[in-house]
Structure formats: structure tokens, C-alpha cells
Amino acid sequence: MTARKASGSKGVRKKSPAKKSAPKHGGKKPSGRKKSAKKKGAKKKSANKKSAKKKSAKKKSAKKKSTKKKSTQKKSTQKKSAKKASARKRAAKKPAPVRTRKKGGLGGEAKGVQRLGRTVALGGSAPDNPSRRVFFFGDGEADGSASMRALLGGKGANLAEMTLLGVPVPPGFTLSTAVCSEFQSRRMKLSPAVKADVLTALARVEKLMGLRFGDPERPLLVSVRSGGRVSMPGMMDTVLNLGLTDVTVKGLVGLADERFAYDSYRRFIQMYSDVVLGISLDRFEFLLERAKSRAKVSLDTDLQASDWRSLVADYMEVVEEQTGRPFPQNPREQLWGAITAVFRSWGNDRAIAYRKLHRIEDEWGTAVNIQSMVFGNMGEDCATGVAFTRNPSTGEPAFYGEYLKNAQGEDVVAGVRTPQPINRSSRVSGSEELPTLESEMPESYAELCGIYKSLEKHYREMQDIEFTIQGGKMWILQTRNGKRTSFAAVRIAVDMVKERLISREEAILRVDASSVDQLLHPTIDRSADLTVIARGLPASPGAAVGRVVFSAGDAESRAKAGEKVILVRTETSPDDILGLHAAEGVLTAKGGMTSHAAVVARGMGKSCVAGCSALTIDYAKAELRVEDHRVAAGEWITIDGSTGDVMLGSAPTVTPELSPEFMELMQWTDRISRIKVRTNADTPEDAQLARNFGACGIGLCRTEHMFFEPQRILIVRQMILAPDLASREAALAGLLPVQRKDFEGIFRAMDGLPVTVRLLDPPLHEFLPQNDEDVEAVARSMGIPLQELRARLEALREFNPMLGHRGCRLGVSYPEIYRMQVRAITEAACAVAAEGFKVKPEIMVPLIAHPRELSLLRAEVERVIAAVRKENPGTRVRPSIGTMIEVPRAALTADVIAEHADFFSFGTNDLTQMGYAMSRDDANSFLPDYIEQGILRDDPFASIDEEGIGQLVRMGAELGRKTRPGLKLGVCGEHGGDPKSVRFFAELGLDYVSCSPYRVPAARLAAAQAVAAVGRGKG
């Protein structure tokens, strides 16, 4: 049996096909060799069986002996096994955080959070469990960290990080941005799986807090807050005190007192009704003001428990009247409603507007943070506040903030009550006598100081911290990178380099290049006669002059019409975002240094004076009053966000002095930048101003701008309308000396730096007389009949002047014009060089579309230069000759054009205009629609279209250098001052960009950021 089985087994050695198979059982006996093997196999098997029986017997015996012992250890073993299994499961779900910090937690230096030796890139990564929707944090444990901003949002990521660092954070959990995407795909509904995960996480919070959600005796209340990847202060919705009902409010009475409980309940009803049920806050505010009037008090804090109970009943009636249903009394129903509302708020009008203003991606979505409520309004040993680790207005390295005793967080931000400074360094005009947190709650203040120092060192950034003190216990509700003014951003970045917190490259990346020009704009001239009528809090520095408007809508409409306006409000709300953006500055009667108006204005670089309590604003009459002064809508006022002053009329301004920190930062930018920054300047004054701002030359001197003075324009018109060459040359002879004098001044101002002069470019119609008075003046000066002049004007009329007789086409038709200009440039250069100045003139021929145009005109230019050099023996002046690439055909044939050019300057204004077939002068009528509907993300005339026009620049640069490797390349369109565009041009390897004088520092910073970003892996 065994042999037969073995022979039929697949494991047996295969037989050769030439041999017969072995006989089956009953045939010829097996050979002795096989028989022997069979016996050995049988013996071996038998021995194995015996051995197995012995082992089995031994095991049974051992089992009997240990039964009693195992019985006593069984429960202990099961517990250990269960713990190990649970630990293994947790480890499989997420890597264990390893916290490294000095003894004493956040009292020492808080170091980074490492996750099993690997670094998670900033911006977030997929969680270790891809299906995870809800991320818990509390009691030193967290499922996330600061590296997961993309998934948890900035708020959720920082709450997790602070928890891991040992900061006292109320426990809670975060619904990820992935849930937001899922929510939108499910037609704005939460999935059952998400709800199940929320309830599981909520149970963990209940356990830590010793409270239960919906419990009639010990109710847990939670906050439901948004949290985008990038901070969007006040733009999305929040619900506080969630979980209160007619039943649980009685439990809250037992935990605190009746006044606190019903005050919290009315706050919740009001907020939930606004955010979730869509009921206007005006109804509730009216009832609140009526209650205070009946009680004869001015502050909410003066109302008693009976007042709040009565107000709650009134609020309930409003809800039922507006919705047809009673206010929700099921805490879980409240929770699902609030989460849904916060996710929906990602798409509300103000959030969309804010994202457009700050270029935040719509598809990022928001996370939702659900956190145990802690209360700053439970009594005199409670408080709430907002603090910054450095002054957000000035950048001064001093702890700065505001707080309110016996208040909730929204009271500070909304400006319902005037906040108090947290310490002496936070005092501003008007708050000198107010008590500070440092003096009223010294122990809590000392703890807050320890936390802020550790958080700033850990994040290596100025932090904006929200805190609540409940019964003397400190809780940190949020930390985020604080919004600051441009002035403060520069100082903070430079100071942090000196403190060895960040590198110079990081400092350069920390300052928003787009906002740098705010530092250069004029400030109030304090030597002038000023009529100061009031003083508020200096919430965001800088001078703002404009006409008074009292609504965001009026601010938008008037600003679109070209007016400068100041938005004046009792207090601002997130709904005012577009009005704030349109206004030159904002003035509020209520609110503090951390109010909505102050925070948003600082982020936008707008001047803000907040909390000007002397103001009385009458919206119905559209006027503001300060004692005997009345200012109606449309009248001019000036505000100074650096001092808090409010002045009548339009105050005079002066150019500010640049801070030492700014100058130092600019020096760092020049050390690492690979692309230079020139300026567009047509006068010696502009040239000198740009040089003061760090320009390394002039990239565009527009000669036509020199002709618009009254006396000069008359000569130009005579030249254009001249009937013959002799008359035209006579007129040009009159222009030559004034052109030469202009260039001399510019060359002196730019001593040692290159100056690119563009020959006459604009359409002729820009110079021709338009009204009867001017036509008659030209006719008299030329001594010709009026009708003859009108006939000549008609003959020069063009249907499409921008594509007509302009640029190099003028030089081809009237070479004497360019000859005069080249002579003026070269003679001026020779004269200034003879004075000892170093002159580097560059002559640019505009609007070249064909290489033969440049070949012809270059020869003309060279002949004039040679003649002037001959007239000035010994001169070393030798202007270079190039062209502006602003016609698409020129970019496409740049390799041939480069044969005749020493340099290219890309005129991206016209290149965009011709590439899009879109007039930049007329596009404003429809471009907003294109951006609104997502056809275009940016105005292509403001920021270079990298995919389209940018590729023409790339092609022109590559083709040009293919022919002439040393070809100098620059950009002189408006894009030369746009930081985003500058970074693109730097990546293309261009030599320089050119922009208006006030945009030079921003362009220098952007050029350096292009290099710094690549070095940090962001390029």
C-alpha cells in the first residue's frame, strides 16, 4: 500500500519514457532495493508514531500538573494579551508619536514631534489609515500633527500638535477635509460612517471630561468650528455651547449657576439660529437691546438670570415663528446640523470672496473641529482673550494681546465690550488706565507666557493664540501663524534671523512681496495743520484718505468708479469683506486691537482705526458725529492707523523713511537673487527715487512721455502734421535740445547703471489735437488755414491705432524722428561722460515684427551714433542696440531677430494684448466676468499667463540665445513688478525685470524668493 501510494505520488522521481512502468500490485515482486527502502520507511514511520505518543503523554502529564497554576493565572494572562492586541491594533492604525522635550513639558524648550523616525512633509500627507475620517486629540495623545495641514486644516493640525507638546488643549476631534469632499459629493449630506466615527470620538471626549453629551445632570457642551488649510478669519461659520436644551441647561445650572447657564443658552440659540437655521441676527439683537433697556443696564454682563431666562423664551418664539418648528431639543440633531452648516460655509459668499482675494484654492475644502467647551464667562476667576507672541502692527518682540474677564471668546473678537490689555506692553492710547491680565491673574498670565514662548520657538513663527481661563485653569483653544502688517512682517523676519530661529532664506520667504509697497507709500505730514476730531485704537498702521461710506456695498461701488473711500462702521463682520478690500481704510466705533476689522485690515495691508468710542454713527441719516462735528457720506476724512487719529478733510502726506530692518532684508535679497530689478522711469526724479529703492538700472525710458508738456506737445504736433521733410526736420530741431537735456538728467541720476531708452512708440493719434481749441492753436502755430489742418488730421485718422502707424513703423516712414532721438541720447551720454559720470546707454527699437525692420533701423541708428562719436573725439560712449519683443511673430522668429540685436526686452503688456486679441484698455468691462466664472484665474495684464503668453517669452528667450548665447534678456511690462510673474521670469533665466519705482522693492524680494523657494524644495 505504501509503495503503491508512493509510486503514484507526484513527488516521486519521474521515469524515463523509454522504460516500462513498474508492475502494479499483484504483478512481479519489487526488487530488493525497493523492498529494503520500504522496510526502512515503515520502521521510520513506526518510530515516529511511538515518539509522537510519548510526547503526547508527556504533554498530558504536564498539562495535568499545571492546570491548577494556569487556572490562577488565566485572568491575568488574558488581560495582558488583550492589552498587547489593543496596542498592536493602535500601532497598525498610526505610528506612535515620540515627544522630545526638556523636563517640565512646555516650561522647557518644546522640540519637534517625530513620528517613528520619519518626517511628514508640511502640507500634509495621507493618514496611515486611509479610511480614517475623524482624528482625535486630547490628554497628550493625538492622531494627527502639524504636518497634516492639508488633511486636518490649520486649526486641527495645530490642535493635534499642541496636544502632543503637552499644551493644555480641551479634548476634541477633527473631521478631515476629505470628509468635506465626500460631503459635497453626497449632495451636502453626512454619511452614516462619518456619523458613527463622530460618536465614537465623542465618547472619548466624554470620558476625559467626566461629562456626557446630552446628559441632564452633567452635560458636555462642544464647539463646532471650521478650519481651512490657510487661515480665513471669520469667513466660515462657528457654533459654540452646542448640546444645550431645555433639559441640559438645568444640568448646567447645577455645574455653575443659573445666570451663566441661561446666558450660555441664549448665546447658543442665537448662534445656532443664525448659522444653521438661517435666521437673521437682527431679530435677536433687537430683543437683547430691549431686554437691557427694560433692565436699565448698558452691558450684557449686567443682566440677571431672570433676564436671560425671559430672553431665552423670546428667542424660542422667534425660532418657531421663522421656521415653523420648535428649536431643536435633540443634542445629536444639533450636532449634525452644525457640522453640516460649517461644511456648507466653505461655499458662502464671504468665504469665496476671501479666497479670491488671497488666491486660496476652492478645492481644498475645510475641516471641522469639534472640541469640548471651556468657559471664560463662569465668574470673576474666568477670562478669555487673544494674544500674539509679537506685536502684529509693529513687529516689536513683546507679548501682546487683549482679554475680557467673565466673557466668551466672541465678545473679544466682535467688539461687544472694549477689551483690556494683557500686559503693559499691550497698552495703547485709551487703555492706559485699564487693568491687565498680568495684574489681575498673575499666575494664569505667567503660565500663558511660558506657553507662548514655547509655541513660538516650536513653530519658529509669530503665533496668534486664543485662550480661555475657566476657574483659574488655563486652556489654549488655538494657535496659528498670526496675521501682521507689512512693517511688522519685515521686522519679525529679520529679528528671527538674529535670534537664530530661522535662516535668511526663510526670512525672505516670510515676507509677502505683494505687500511690500505698502511700506513705501506716504504717511501723514504731522507738521501740517490737522483737525483731529477723535482718537481710536491704532489697529493697523498707515494713512488712509477717502470719502466716507457707511456700507460695504457703497465702498465697492464707489471704489469701482475710481473714488477713494473710508469704510465707517459701528463694527465690521465677515460680510463686509469686499467692502474692506475696496476701501482705503476702515474706521469702527467698537472693537479692539484683535477685533474682526483689525485682523482683516492687517492681513490686507489696510489702515484701520478701531474702537473709536467718540463716534456716533447714524446709518439712517448716513452721517457720523463727534461732539459738534458732523461728517456726511461722501465727505473727506483721514485716518492714521499708526496713531488712531481721525481727521477732517484730506490731510497732507510725506514719503516715509525705510526702516533699518527693511534695508537689511533688501541686502539679503540681492545676495541670493539671480535676476536683477530695473525701473521704468522717464524723469531724473523717478530715476533717483527708483535708485533709492534699489533699482540696478532703467529698463524702460519711454521717450513719448517726455513730449506731453504744453510747449513740447505743440512742437510734436507741428512735426507730425508737417507737409514736407524740411518742415518736419525744423520741428525736430526744436525738440532735440529738450530731449538731450532730459537724457542728461537721467544719465546723471543712474551714474554707472544701464539705461534703456525706447524710441518713439505710441500711435500718432495720442499726440494729435482732439478739441477745437487745440486744433486752432496748432493751425496758428503752423501758419496754415484751419480747414487744411483738419484735412491733414482726417488723413492721419486710423481705425485701429494700437495696430496702426506706431513703433518701428514710424521709424521706417519717418527715419528723421528716430535720427533725432538717437542723436539726443548719444550727445547726452557723451556730455555726461565728459563730466566724469559712467554712462551705459541702451537704445531699444519698439514693435519689431520682422527681422528686416530691425536690420534697416539698426543701420540708421549706428550711422547716427558714429556721427556723434566723430563729433566727440576720445569719447568711450558706445550705446548698445536692441529691441522690444512685444509682437507674437517676433517671439516666434526670435532666432533671426537676434542676429541684429544686442538685447531683447519683452514688452509683456502688448504681447498679452496681441496674444489674447484683447485690449487692456477695454478688457475691464468683461475680465471680472471671466475671473468670476473661473475662465481665468488672474487678470492676464496684472499677472503673466504662464501657460500662454509665458510660453511666448520662453520661446523668444530660448531662440534668441540659441543664435546669440550672450544675449541680454529683460522684461519691461507691468508684469515686471508682479511678484508671481517675477518668479516665473527668474525661472526662465532672464537677466532682469523692470517696473515702476514703487514696485522695485517688491520685485527684488520676489526675485530672491524664486531662488529661496527652489532651495527649500518649493520651486
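Biologist: Is G385 buried or exposed?
Modeller: Buried means under 20% relative accessible area and exposed over 50%, with partly exposed in between (1.4 Å probe, protein chains only). The relative accessibility of G385 is 3%, so G385 counts as buried.

Biologist: Which strand holds G385, and what kind of model is this?
Modeller: This is a predicted model, in which local features need pLDDT of at least 70, side-chain atom pairs count only at pLDDT 80 or more, and totals for chains, interfaces and linings use all residues. Residues are numbered from 1 along each chain as its sequence is written, and side-chain values use heavy atoms, with hydrogens and water left out. Strands (E, at least two residues) are DSSP runs numbered from the N terminus, and the one with G385, covering residues 383-388, is β9.

Biologist: What separates the C-alpha atoms of G385 and T468?
Modeller: Along the chain, G385 and T468 are 83 residues apart. Their C-alpha atoms, however, are separated by 6.5 Å.

Biologist: How are α15 and α20 placed relative to each other?
Modeller: Helices (H or I, at least four residues) are DSSP runs too, and here α15 (residues 486-498) packs with α20 (residues 660-672) at an angle of about 70°, their axes 9 Å apart. Axes are lines fitted to C-alpha atoms, for helices over the stretch in contact, and angles run from 0 to 180 degrees between N-to-C directions. Angles under 35 degrees count as roughly parallel, over 145 as roughly antiparallel, 65 to 115 as roughly perpendicular and the rest as oblique. The two helices, α15 and α20, are therefore roughly perpendicular.

Biologist: How much of the protein chain is buried?
Modeller: The protein chain has 1019 residues, and the buried share of them is 51%.
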